[in-house]
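The sequence and structure are shown first.

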Amino acid sequence: MIGETTLKKPELVPETLWDIEHYKEVGLYFYLEATQDILPNGRVNVENHGEMIMLGSYSYLGLIGHPEINAAAKAAVDKYGTGTHGVRLLAGSLKLHNELEARIAQFKQTEAAITFSSGYVTNLATISSLLRKGDTVICDKLNHASIVDGCMLAMAKFVRFRHNDMDHLERRLQEAGANGRKLVIADSVFSMDGDIINLPEMVRLCRKYGAYLMIDEAHSIGVLGETGHGIEEHFDLPPDSIDIKMGTLSKAIPSAGGYVAGNKKLIQFLKHEARAFIFSAAIPPASAGAAKAAFDVIEAEPWRVKKLQDNYDHFAGRLRRAGFDLLHTETAIVPVVCGSTDRAAMLAKYCRDRGIFVQAVVAPVVPEGQARLRACVSAAHCLEDIDFCADTIIEGGRQLGVIQ
């Protein structure tokens, strides 16, 4: 009605911890840039930049564009089309989905597996559907956001232990007591630091205190172990060491989606209780076909795992000798710690001006004062490009005062 007063709305979008518009204005914002072409030897064509060495990719084994994987994706489209008829539980299941899940179970040496539309929803759905009031979920302090969100969505008591601190984990298990179920969750490889969880001690503690163990292998499949089978192979542990084996289909596996592998009872439960499985469309045929073929390629071409590990050793070794703090990384993820947001952004620009695609990662993704370049080496990189990237980061680090 005319004459009525209206309340002023508060800002719809909350403030962020860093001024995005400022970094755009000063030429230090490089996110969301479009890649136009995937080239050989770990290179890409980037819109407005041309050819660059890709030093920020999750394609650890260099399998994006692999001819056998591409052919499998195309064959899936030819046979099934570009989509499914809905959610898996009703009309959306294809024979290809069942074949993919059987292949994952074989690769991870479990009875069965389930696939979801993304790695994020895999963690969210699995954790939130398994836990009930009276249960306790115990989470490493640096676990991925999808794990944290799943723990927050669950009805269980949510506690954390200091990063990779097994004494603190034991204290948390003792505090949880004997009532309810206990679920311990950790990343295998931590996505911003590149270090590896102490799985043997976690297994021992979980068995001692009657807890279940869930491990997120997003960054360890194709990376850890002599043949890339993951963290159990890396530590030479039996395949039943982990109760809930989670992984993604979008990193070393060049597709989309996520999975959980485990015993038949667990997988049957998730297929009928996990909301993100019940209410999300099935993985598209091309993605399922590509993922299934990628597991075959990893086993058929184990040289890729060795080359990735050699490339990491060479790259990280050069940066450490130059004086960079790389935290405790042991894997393809190399955090080049710069300190302030401005220093990390300027070192990223220094690299990009010289044809290296690498991103700065800043607070709140990492703690304030630990902004860094998040460099990821690949089996696709040749030694000459690895050396060029190391030379460039070292020279830029010296000019910016990150190292002496």
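A pocket is an open set of points on a 1 Å grid over the protein atoms alone, where a 1.4 Å probe fits, with protein on both sides within 12 Å along at least five of seven lines; lining residues have an atom within 4 Å of a point. The model is predicted: local features need pLDDT of at least 70, side-chain atom pairs count only at pLDDT 80 or more, and totals for linings use all residues. Residues are numbered from 1 along each chain as its sequence is written.

The largest pocket holds about 610 Å³ of space, the volume being that filled by probe spheres set on the points. Its lining comprises 32 residues, with Leu-142, Asn-143, His-144, Ala-145 and Ser-191 nearest the centre. Helix 5, helix 6, strand 9 and strand 14 each contribute at least two lining residues. By class, 14 lining residues are nonpolar, ten polar and eight charged.

| Pair | Angle | Axis separation |
|---|---|---|
| Helix 13 (303–322) and helix 15 (383–399) | about 20° | 10 Å |
| Helix 5 and helix 10 (264–273) | about 100° | 10 Å |

Helix 13 is therefore roughly parallel to helix 15 (angles under 35 degrees). The contact (heavy atoms within 4.5 Å) includes Phe-315 and Leu-319 of helix 13 and Ile-386 and Ile-394 of helix 15. It has nine nonpolar, two polar and three charged residues.

Helix 5 and helix 10 are roughly perpendicular (65 to 115 degrees). Thr-126, Ser-129 and Leu-130 of helix 5 meet Leu-266, Phe-269, Leu-270 and Glu-273 of helix 10.

Note on methods:
Side-chain values use heavy atoms; hydrogens and water are left out. Helices (H or I, at least four residues) and strands (E, at least two) are DSSP runs, numbered from the N terminus. Ala, Val, Leu, Ile, Met, Phe, Trp, Tyr, Cys and Pro count as nonpolar, Asp, Glu, Lys and Arg as charged, and the others, Gly among them, as polar. Axes are lines fitted to C-alpha atoms, for helices over the stretch in contact, and angles run from 0 to 180 degrees between N-to-C directions. Angles under 35 degrees count as roughly parallel, over 145 as roughly antiparallel, 65 to 115 as roughly perpendicular and the rest as oblique.
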